[in-house]
Amino acid sequence: MEIGSRSGAAVKAAITFTLARSRLDGGRNLFSPVAVLAQHCRSRAYRTAKACPIMKLFECQHCGQPLYFENTRCESCGRKLGYLPGKETVTAIESDRGAWRALADGSRYRCCNLINWRKIEAAKHRLFYTLLKLRLPHKTRIDDPRQGLAFDFLSPQGATAGNPIMTGHDSGVITINLAEADDAERERRRREMREPYRTLLGHFRHEIAHYYWDRLVRDSPGIAEFRQLFGDERQDYAAAMERHYANGPPRDWHEHFVSAYASMHPWEDFSETWAHYFHMVDTLETAGAFGIRVKPKISKGADLAATIDFDPHSATMERIIAAWLPLTFAVNSINRSMGIADLYPFVLPPPVILKLAFVHERIHAASQHSAAGGGAPQQDAEQAGRRALRAVVAGLRRGVGVPDPI
């Protein structure tokens, strides 16, 4: 049997959609058959011959069902399949005390879930889509070995009691716990933390904000305004975190912060606000691409009408707010018609809109700075203040009541 010529893109896709498994009690590996096929097709022999020979038939060790090399599960008995390079055979596998036992040799293996890795990469790609659209600088570790941007996706299986895998940011390195890509695990954590919203993309957008705070705010003339809006970041972070988890957020947090977590420390307030700004521009762009218009058939419908026919990446904060509030009111109402939670379960009071305007101004100053090829970004504080106030007025004009959560 012979597989015909395959393009490099097809081989890459085969690798992307593969599951790799590492053996628990030895140095050998248990791979998906598709992974082995893809690896072989990248070899020198394949590049020369443009063909990928498969000369062996396989069968399920449990039920005897004939198997294709590409199968990842037995179509007869439903057992998952892997590949043993040492034995050069496809093997059925069964769950065994938190691991997998290969029926071909009886050994136990641990699964490295590349499906979760793929989910994380997809979220990272969407993050970079918005970074590029906003023209934000993003030097990598290659460009800046000490402070450049890098990502670590780490499995909790490698953690120890004293050294858990924590999602976070440190000097340009963003770490994402691979467990966050597991939908059930992420939902468990969301409920445990009493969060209304928790997604992989949200993690990326939050953590990248810490990176940009260091570059756009920390040593800039805007640090005084930052402290006026968000608070003094020089307060002890460890003490603030301990206080937050011991006592919870202040009772009136929803009047001043976009989320309960934002109330913990000014750094987290900035990062949560930054993440929400990214949510807004990305969602508005998608809504605009679909030609969405909002015109509620109620007596005050004019106050909640919006036509999303602009580029939110270059729009004013006033226009973003004027479109965002009607749009979220509409989509939240649609979600409730389906009996599911709100798409955007947050409220934007005036203090939060002022913080969003601060983020907006810093992003666009950095974009202009990058386009100009260097030099300190110039901002007119008085004009920026007027723009922020106009955004607050737009929010007050289009505000809606807060419904009880589902």
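The structure holds 0 disulfides, a disulfide being a pair of cysteine sulfur atoms within 2.5 Å. Cys74 is in no disulfide, and the nearest cysteine sulfur, that of Cys63, is 3.6 Å away. Cys74 counts as buried because its relative accessibility is 0%; buried means under 20% relative accessible area, exposed over 50%, and partly exposed in between (1.4 Å probe, protein chains only). For Cys77, the closest cysteine sulfur is in Cys60, at 3.7 Å from its own sulfur, which is too far for a bond. Cys77 has 26% relative accessibility and therefore counts as partly exposed.

The model is predicted, so that local features need pLDDT of at least 70 and side-chain atom pairs count only at pLDDT 80 or more, while totals for chains, interfaces and linings use all residues. Residues are numbered from 1 along each chain as its sequence is written, and side-chain values use heavy atoms, with hydrogens and water left out.

The secondary structure of the chain comes to 12 helices and 15 strands. Helices (H or I, at least four residues) and strands (E, at least two) are DSSP runs, numbered from the N terminus. Of the 406 residues in the chain, 42% are buried. Contacts, defined as heavy atoms within 4.5 Å, were also sorted by separation in sequence: among those between residues at least 6 apart, 60% join residues at least 24 apart.

Helix 9 (residues 266-289) packs with helix 6 (residues 200-216) at an angle of about 120°, and the two axes are 8 Å apart. Axes are lines fitted to C-alpha atoms, for helices over the stretch in contact, and angles run from 0 to 180 degrees between N-to-C directions. Helix 6 and helix 9 are therefore oblique to each other; angles under 35 degrees count as roughly parallel, over 145 as roughly antiparallel, 65 to 115 as roughly perpendicular and the rest as oblique. The crossing of helix 6 and helix 9 is right-handed. A crossing is right-handed if the near helix is turned clockwise from the far one by less than a right angle, and left-handed if anticlockwise. On the helix 6 side, the contact involves Gly202, Arg205, His206, Ile208, Ala209, His210, Tyr212, Trp213 and Leu216. These meet Trp267, Glu268, Phe270, Ser271, Glu272, Trp274, Ala275, Phe278, His279 and Asp282 in helix 9. By class, this contact has 10 nonpolar, 5 polar and 4 charged residues. Ala, Val, Leu, Ile, Met, Phe, Trp, Tyr, Cys and Pro count as nonpolar, Asp, Glu, Lys and Arg as charged, and the others, Gly among them, as polar.

Within helix 6 lies Ile208, which counts as buried because its relative accessibility is 0%. Leaving aside neighbours within four places in sequence, Ile208 is in contact with Leu127, Leu131, Leu149, Ile174 and Trp274. Ile208 and Trp274 are 66 residues apart in sequence, and their C-alpha atoms are 8.8 Å apart in space.

Helix 9 also meets helix 4 (residues 114-133); their axes come within 11 Å and cross at roughly 90°. Helix 4 and helix 9 are therefore roughly perpendicular to each other. The residues of helix 4 in this contact are Arg126, Leu127, Tyr129, Thr130, Leu131 and Lys133, and those of helix 9 are Phe278, Val281, Asp282 and Glu285. The classes here are 5 nonpolar, 1 polar and 4 charged residues.

His276 is placed in helix 9 and, at 4% relative accessibility, counts as buried. Beyond neighbours within four places in sequence, His276 is in contact with Val258, Tyr344, Phe346 and Leu356.

Helix 10 (residues 317-337) and helix 12 (residues 381-397) pack at an angle of about 15°, with their axes 8 Å apart. Helix 10 is therefore roughly parallel to helix 12, and the crossing of this pair is right-handed. By class, the contact of helix 10 with helix 12 comprises 6 nonpolar, 1 polar and 2 charged residues.
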